[in-house]
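Dear colleague,

My notes on it follow directly after.

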Amino acid sequence: MKRMKWAIVFLLMLLFIGGCGEREKSEETVESTKPTLQIGLLPEQNIFSQKKRYEPLAAYISRQAGVTVNLKILSRYGNIIDNFISGDLDGAFFGSFTGALAIRKLGVEPLARPEYNDGTSTYYGMIFTRKDSGIQSARDMKGKRFAFVDMVTTAGWLLPLHYFQEHGIDDYRSWFGETYFAGTHEDAIYDVLNGKADVGAAKNQVFYRLARKNPALTEELTILMTSPEVPANGLAVRHDLDETLKKRLKDVLIHMDLSEEGKRVLQSLGVQRFIETTVQDYQPVFDFANHIGLDLSTYDYLNQ
């Protein structure tokens, strides 16, 4: 009798273990069949901070859209076009210039962009200097050091070029004693604050985000000029991505603020919600580029 009892117990254990194994295999199968999306992030700030900031959003999209989102931090702004061409990326959180460039060159489709807690869904570029620099105009910049961000940013490239053109500076390289590309908005800002550069350009969102932690930025720097407002960094995907998946991604983003979990993720990003975004929203960038004679469809660059 005891042997029979032990035999029954043993059989039940085998059935239980087998059932667990089947469930694990089933879960693994479901996981392996999920589409994997490679989403690029621009180096607006320290790349580790940038990835950490977007990881909760990537996890949320993965859960809600039934996909696996992998974030790819780009070392340079221009890499985003190269990566799309090589087929590594399915989408990216484009800045306004890279978004406009990718629309013209690659036909990417914008889906959604953030609306911030102040109700704005745009940003603007700023040219700034130290308050004690004595620089108040373009004329005062002659012979000084200028820190750009990258040749595919609105705030860190298009804005300064437009500013120079408006003030009769045809060749900025000969006007300044030195010009260089800082690589990130954060670096351009701190280079001016710390005296590495006399004048710099960057986007207001990064400037004021840093200023909340470091009041010296607003205490010691002064803003000389600002650009028109352009779309905040939004998600755009390759044009040949499955249409159903495009719709699912857009729906997940623009309905995030309707759930408590979504609200927590939005709060971690410092935004209120996501709103639908179209190609037309990039018109200010197209106009800005046209004004300085820049053809985005053929634009090729190399930071120097």
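I begin with helix α11 (residues 260-269), whose buried residues are Gly262, Val265, Leu266 and Leu269. Here, buried means under 20% relative accessible area, exposed means over 50%, and partly exposed lies in between, with a 1.4 Å probe and protein chains only. Helices (H or I, at least four residues) and strands (E, at least two) are DSSP runs, numbered from the N terminus. Gly270 follows α11 and has a positive phi, near 80 degrees.

Two remarks on conventions are in order. The model is predicted: local features need pLDDT of at least 70, side-chain atom pairs count only at pLDDT 80 or more, and totals for chains, interfaces and linings use all residues. Residues are numbered from 1 along each chain as its sequence is written, and side-chain values use heavy atoms, with hydrogens and water left out.

The sheet

An open sheet of five strands has the order β8-β7-β9-β6-β10, with mixed pairing; two strands pair if DSSP finds at least two bridges between them. Its edge strands, each pairing on one side only, are β8 (178-181) and β10 (221-226). From one strand to the next, the twist averages 25 degrees. Helix α8 (residues 204-213) packs on the sheet, where it touches β6 (125-130), β9 and β10, and its direction makes about 95 degrees with that of β9. Contact means heavy atoms within 4.5 Å, while axes are lines fitted to C-alpha atoms, for helices over the stretch in contact, with angles running from 0 to 180 degrees between N-to-C directions.

Strands β7 (residues 145-148) and β9 (residues 199-203) run parallel and are joined by two bridges. Phe146 stands opposite Val199 in β9. Strand β6 runs antiparallel to β9, with five bridges between them, and Thr129 also stands opposite Val199 in β9. Five bridges likewise join β6 to β10, again antiparallel; the bridge partner of Met126 in β10 is Thr226.

Strand β6 and Ile127

Six of the six residues of β6 are buried, so this strand is largely enclosed by the rest of the structure. Gly125, Ile127 and Thr129 lie on one side, and Met126, Phe128 and Arg130 on the other. Ile127 has a relative accessible area of 0%. Leaving aside neighbours within four places in sequence, Ile127 is in contact with residues including Phe146, Leu159, Tyr163, Val199 and Ile223. The C-alpha atoms of Ile127 and Ala147, 20 residues apart along the chain, are separated by 9.7 Å.

Nonpolar cores

A nonpolar core is a set of buried Ala, Val, Leu, Ile, Met, Phe, Trp, Tyr and Cys residues joined through side-chain atoms within 4.5 Å. The largest has 68 residues, and Phe164, Ile189 and Tyr299 have the most contacts inside it. Helix α5 (residues 154-166) gives the most to this core, with seven residues. Beyond its neighbours within four places in sequence, Phe164 is in contact with Phe146, Phe148, Ile169, Tyr172 and Phe176. A second, separate core of 30 residues includes Leu41, Leu111, Tyr116 and Leu235.

Yours sincerely
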